[in-house]
Amino acid sequence: MTQPDTAGLRLQRNNKMGENEASSPNTSLQGKKMAYQKVNADQRTSGHSQYLDNDDLQTTALDLEWDMEKELEEPGFDQFQLDNAENQNLGHSDASDLHLDCIQPATSPKGRFQRLQEESDYISHYTRSSPKNSRGSVCHFLKLLTIATVLFIFGILIGYYTHANCPSDAISSTTNEPQLYQEILKTIQAEDIKKSFRNLVQLYPSEDDTDISKRIKTHWTSLGLEDVQLVNYSVLLSLPGASPSTVTLTPSGQCFLPSGQPCNQEDRKDNSQNMLYSYAAYSAKGTLQAEVIDVSYGTREDLKRIKKMKNTTNQIALLKLGKLPLLYKISLLEKAGFGGVLLYIDPCDLPKTENLNHDTFMVTLNPGGDPSTPGYPSIDGNFRQSRTNLTSLVVQPISASLVEKLISLPAATTNKDLCTPLELPQKEKRIIRLQVQTVTKFKTISNVVGYVKGLISPDRYIIVGSHHDGGLTYVGQEWASSTAVITALIRSVMLRVRRGWRPDRTIVFCSWGGTKLGNIGSYEWGEDFQKVLQKNVVAYISLHSPVRGSSSLYSVASPSLRQLVVEKIKFNCTRRAHCWENNVSSVQIQGDAQYFINDLGIPTVQFVYEDKKALEGPSFLSEAIFPKPATKIEETDPFFNFHTTIAKLSGEVLLQIASDPVLPFNALDIALEVQNRLKGDQPCTHQLLDMASRLRESTELFQSNEMRPANDPKERAPTRVRMLNDILQDMEKSFLVQQVPPGFYRNILYRMDEKTPQFSVLLEILEHCESQPSNETFQAAISDVWSSINSAQVYFKAGLHVFENVLDGKN
């Protein structure tokens, strides 16, 4: 999605399109009217925190109001483009007139229309002043004074008894001024987050996940959080064995640890803990002696090239992490017949400031949840499958330093100014013996869940998630960063709750266990309460690893929440951080948000600080889990200002979603996202473009005809608002497909990475068809995407019919 270079959103007029539409038959949209109305920034009900209050923000694309009174009378009504964007003609023509290069990435006009405010000087505009020198003015004045005095006394009495009989917690956010959010969030202080972080770090030596969970529960309860629960699950974990894995060169017999150090007793003793936790969770275990074959990044193209030159059966693949999900590449290597994998990160894929050549890491091969209960919760009574490993491959992560030893890279070839990617010479042959030791055992992992009950819609939930990992000391203390931020949010919200305020919707704060081994805690809890969550969850706000670097503020957001996130992040991009052009996107992310995105279709938001250079390299490098000590986190953010910014941004989004009468979601942005996914030279997408055009028409009508009246105080009937919100919260569920390759998101609205705008499922199928031509396979994938778009289009049309019936009933 193209971002504006300057704040503001304009309606582009396209005369050519107007001529085309004038000569073409009228669409279903004709006869309806639409216009834009400028709204002052200080009239927003959402409010802005002090750190977001700047002049630039008041002229952003999010300050436009859709009125639907004039626009359809003018040509090119659907040309919603950002400043400096090229004029595009999307139109509503037949499929034969659609062109891929006509789709312009854009952001829709503001769909969550502002509350219609009464003018403060309304009475002075529409009432006449009485003559100053008329007869009886004194008597008239005395009468008015008497009446006013009596009414004043009655008002005091009524107010007193009303206040005495009303509960103190009956104050909704809708009765407060926009500065309410500022007052709540200004209590978030960097010093408090730093203190909380250091207190949590002291729990690090504990090996028991339940111990840390109990401490978190006690602390949250002391802050006033309601109904804080400890939810336990007994799950199958894959843990390192008693001795570290080894790689032995033959015939020399040189033995190395995963770090590249020799297997002598002294080195093993000094680094035993780190060596043990350099492993692939849920890998097959045992010993494999075979030839090492360099497969680079393990793409279909790489494997196709390798198989032409060598026999890959039962061999060991030397695989670089990145470019594609690890689970997907492991599945390709299995199909190619490999028996083992040495996994590493090429130093050239990292920023020059990162020197991880000798560092070891772990990965997980678990797609999510307890492997012994796939798709259903690990509770008493459910059948448990015997799954000690999730792949037939023996997988071992190793350092770049060990790779250099395997390929006999001379030290002289290292150039500080020019990085040469690691590569095993094709003509050379390396035989190694790989020994992997892991154990699987059932252990208890715990989730901490607490609630702030909503006042108006308590059955609608906004989930805020962080994580803790007390059972794996190897993962370091990064979890304390996540937990400190969510604790700061809880403290600020509960301070206001004690004063009588409550959000309209229920806020659920969660700290997940077992995240590093495959988001086990969040998956089990989600599967346990799936029916309730499918119906009631409105949004998920992720606080997973909030500070990973110091150079850039970055955000991942569902298409329906993108405008809201742009609004909140803009100030930080212009004043406090260096943000690249597309600083808000919908890409696959690591962390516990995966279950809510892929299985429930829940709109999701995540703010993080990262190093920009790290993101410019291959994607999915974050699948490698390096130990991150507390000292490294404090070096990155010594004053905890980054943590504070993440807490306030997340809190701003949380409070607005939890308290706005109409959910701040945008239907039209989803349709625009779908059209942008169909750009490029993808074959056989003509029918998809036709359906995407119809989806856009339906969302345009829905966003204008239904969301505008809901914001008019005269038309804002509670039943109507509830119907509208029910439709808004389920918009993205239509885009969940059943069958996807391993590691791919089921929610097709999310891209693989920043560099791949197309639908990930279609790209994978195209690569598959190149190696194994199968028109049937490609058509099946096309059908899945088409069905999703069609389902969404039918969903919005049904919503329009429901509202039409309501209006007919009134008449």
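User: Which residues does Trp525 touch, leaving out those up to four places away in sequence?

Analyst: In this predicted model, Trp525 touches Val231, Tyr233, Asn447, Val449, Tyr451, Ile463, Trp512, Leu533 and Phe596, once residues up to four places away in sequence are set aside.

User: Which residues have the most contacts inside the largest nonpolar core?

Analyst: They are Ile463, Phe509, Trp525, Phe596, Ile657 and Phe702, in a core of 143 residues. Helix 12 (residues 478-497) gives the largest share of this core, 11 residues. There is also a second, separate core of 32 residues, which includes Leu332, Leu356, Phe361 and Leu365.

User: Leu332 lies in helix 10. How should I read a helix, and how many residues of helix 10 are buried?

Analyst: In an α-helix there are 3.6 residues a turn, so residues three or four places apart point the same way. Helix 10 (residues 326-335) is mostly covered, with 8 of its 10 residues buried. Those buried are Leu326, Leu327, Tyr328, Lys329, Ile330, Ser331, Leu332 and Leu333. Just after helix 10 comes Gly337, with a positive phi of about 95 degrees.

User: How should I read a strand, and which strands pair with strand 20?

Analyst: Side chains in a regular strand alternate between the two faces of the sheet. Strand 20 (residues 537-542) has 6 of its 6 residues buried. Strand 17 (residues 457-467) pairs with strand 20 in the parallel sense over 5 bridges, and Val464 stands opposite Ile541 of strand 20. Strand 23 (residues 604-610) also pairs with strand 20 in the parallel sense, over 3 bridges; here Gln606 in strand 23 is the bridge partner of Ser542.

Note on methods: Residues are numbered from 1 along each chain as its sequence is written. This is a predicted model: local features need pLDDT of at least 70, side-chain atom pairs count only at pLDDT 80 or more; totals for chains, interfaces and linings use all residues. Side-chain values use heavy atoms; hydrogens and water are left out. Buried means under 20% relative accessible area, exposed over 50%, partly exposed in between (1.4 Å probe, protein chains only). Helices (H or I, at least four residues) and strands (E, at least two) are DSSP runs, numbered from the N terminus. Two strands pair if DSSP finds at least two bridges between them. A nonpolar core is a set of buried Ala, Val, Leu, Ile, Met, Phe, Trp, Tyr and Cys residues joined through side-chain atoms within 4.5 Å. Contact means heavy atoms within 4.5 Å.
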